[in-house]
Amino acid sequence: MQQGTLMRKVKSKNWKKQRYFKLQDDCMTIWYQSKRTGKIESAFSISDVETVREGHQSEVLQSLAEEFPPERCFTIVFYGRRGNLDLIAGSAEEAQCWIQGLHQLIESFPLTSALVSRTWIRDWFQKADKNKDGRMNFKEVQRLLKMMNVDMNEDHALRLFQAADKSESGTLEGEEFVLFYKALTQREEVLSLFQDYSEDGKKLTLLELVDFLRQEQLEDEGTEELAMELIDKYEPSETARARHVLSADGFLMYLCSPEGSIFNPRHRVLWQDMTQPLCHYFISSSHNTYLIEDQICGQSSIEGYIRALKRGCRCLEVDCWDGPNGEPVVYHGHTFTSKIPFREVVSTLGKYASSHVVSPCPADPDSGAEPSYPNPWVLKGAGGSCLQQHGDPGNSKSNGDVPTKVPTSPSPTPQELKHKILLKGKKIGRLEDMLDGPGDEAPDVSDDDNGAEAEEERRRAKVGGTQHNSALQKDKESLAQALSDCVVYCKSVSFRGFQEARSHSRPSEISSLSEAKARKLIRDVGNEFVRHNTWQLTRIYPSGMRTDSSNYSPQEMWNVGCQIVALNFQTAGMEMDLCDGLFSQNGRCGYVLKPPFMRDKETLFNPSDPDSREGPGPTTLTIQVISGQQLPKVANSKDGAIIDPLVRVEIHGVPADQAHQETKHIENNGFNPCWDETLQFQLHVPELALVRFVVEDYDKTSRNDFVGQFTLAFTNIKPGYRHIHLLSKDGTSIPPSSLFVHIRITE
């Protein structure tokens, strides 16, 4: 076996260890071992890798920029919360070899059902083959079944083993193990459904497949063309494809495919009208985006921005404070969180952001430190022509000229603002600010409910001239004015009530409310809140008490049409599942069009009174939970432990629609549990409902353990027999784990 490539694995500026890296013969697995001890430290699969970044694109590699050129550096980024792997190759040629090779392997690894199955088989065989002789005896097979979450009768397991042992050698190898696996994974419930529409029980003719698509899958347009496409795409037999028939294997592959998913494939792409005003959309938004841990001592990192942007986030937060040598830094003010240079943040946004709303809110100066005003020329240098600086999106210039005209027209559309960056912040020294009278411009105290901070900032504004020499003050005023001029469509204003907003506010302004204040308004004046959000943006942020970076439920804020509902993206849980579920549609562009009754300024809708919604009566959602496939084991479970899975279906929507039901648990079967239970829900406002499927490991003495979940908007559900491909706690795919369900929607 070749020794592998010697590279530096880097964790910090002072931690650089040499390791040998090698791609295994399966072209799927990469391991690395210590140069000193020769011990294999870790291994990962190509399926775990999200992307590869060239050059100094991590804070660690940036700190080593003077020591190692970018041509030798690259970062391997993994799905989920697994830490990135920063590497320094011995030469630029060596680095390019790995970078290009990894890109090719990633691109050639589509997660088709067939490939997932082959990968799954190979992985389990390697895990169970303890003596690494390429064969598996019955004892090893029994151990494998425990590892795979299967509690099978020994006699039945032996029969399957002997049937697959064609060579009668007492062991399984190669294709024999594949036969054993296929017998183990026989889907009786799918085979029964197949035979219901197959006259001979062996194949579906084109007309039989059309009948199934129309009657069960409710496909009513171009059904014959669709049937032909499915046969050509998923039938593994060339002979069957030529005869335009679908075998049982092809039928299963279709049901496990994107076309057989519960998520309507037409809604995966950009399908909504993007020419409405910004206030007519829900916008994916993060809170303190730079933090990747807690709010007090956590790490600040540009990785927080990269992860949020790649997750579809369109509203980011940048807290700027004075740093060394007059350069601003980004961190959570008055805490022990680490700091990152503002320039690095802006550079990252320039690389990864396109058509995003960026919020550079100065932190509240409670302890005497002056908040820093980000240099607008740094912003322009990194953002280039992406920085929106003009009232007319169609006439934006890219030469850095600062406009003098402030727009008072309705907010622009996402279509008009494609590839642009908007700044949300306060404006100073403009005519529209003077309309309320001098000194009346209250600060946007974004992340604190306490009005004392607002009063302190006003006091500082009055006496600031006595605290600094005139040259420094003049310089800061110049920078502040230039930054103010960059704020066009998202001018921050304090919220003084809906009556005040109707009388004095403009569509180009935005208010920030704490979760507690928003809840009070929802409870007291729900309809007014909905009406307000039809013409102006509202941002909601977490309580300052959430120092652990926990989240509130965004659903209650969406129920009144709040567009920018900021969450801590670094914290997994139900709240982020809802966020990912809502914004997984529409091409994951981060904008979701609100329903018509939430875009009408005269709407009567109030989420606490579902009858206030104009339209048809309640919708009935019927879900038959049929079976599960290859569910993962619970993290840190004991050796030999097998899960007792149950499925809970949750409805998140207006108060009248909030509900959950669950199946019974199946003892000792995480491999192919069968529930065959029917759950039913009445939805009064289906346009706002999110449906969350959760699989848990039942425990009668303590809290159930999380196994997997999938969340989507009700409007994206495709009725019929569907597979639900489960996601992990942090929202990453866990193939081939899935649920098989039958969905019916009636009004």
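Phenylalanine 529 touches Phe498, Leu513, Ala518, Leu521, Ile522, Thr538, Val560 and Cys562, where residues up to four places away in sequence are not counted and a contact means heavy atoms within 4.5 Å. This is a predicted model, in which local features need pLDDT of at least 70 and side-chain atom pairs count only at pLDDT 80 or more, while totals for chains, interfaces and linings use all residues. Residues are numbered from 1 along each chain as its sequence is written, and side-chain values use heavy atoms, with hydrogens and water left out.

Phe529 also belongs to the largest nonpolar core, which has 50 residues, and together with Phe282, Tyr305, Val330, Met557, Trp558 and Phe605 it touches the most other members. A nonpolar core is a set of buried Ala, Val, Leu, Ile, Met, Phe, Trp, Tyr and Cys residues joined through side-chain atoms within 4.5 Å; buried means under 20% relative accessible area, exposed over 50%, and partly exposed in between, with a 1.4 Å probe and protein chains only. Among the elements that give two or more residues to this core are helix 12 (302-310), helix 19 (515-532) and strand 22 (564-567); helices (H or I, at least four residues) and strands (E, at least two) are DSSP runs, numbered from the N terminus. Because domain 4 (278-386 + 413-431 + 479-598) and domain 5 (616-746) both give residues to this core, it lies between them, the domain bounds coming from an automatic or database domain assignment. In soluble globular proteins, nonpolar side chains tend to be buried together.

In helix 13 (residues 342-352), the residues Phe342, Val345, Val346, Thr348 and Leu349 are buried. They cover an arc of only 155° around the axis, so they lie on the same side of helix 13, the arc being that of the directions from the helix axis to the C-beta atoms.

| Residue | Relative accessible area | Class |
|---|---|---|
| Cysteine 486 | 0% | buried |
| Cysteine 562 | 0% | buried |
| Serine 549 | 1% | buried |
| Aspartate 676 | 47% | partly exposed |

Serine 549, found in the loop between strand 21 (537-541) and helix 20, has a phi near 65°, a positive value in a residue other than glycine. Aspartate 676 lies in strand 27 (residues 674-683), and its phi, near 50°, is likewise positive in a residue other than glycine.

For the protein as a whole, 53% of the 747 residues count as buried, and there are 21 helices and 31 strands.
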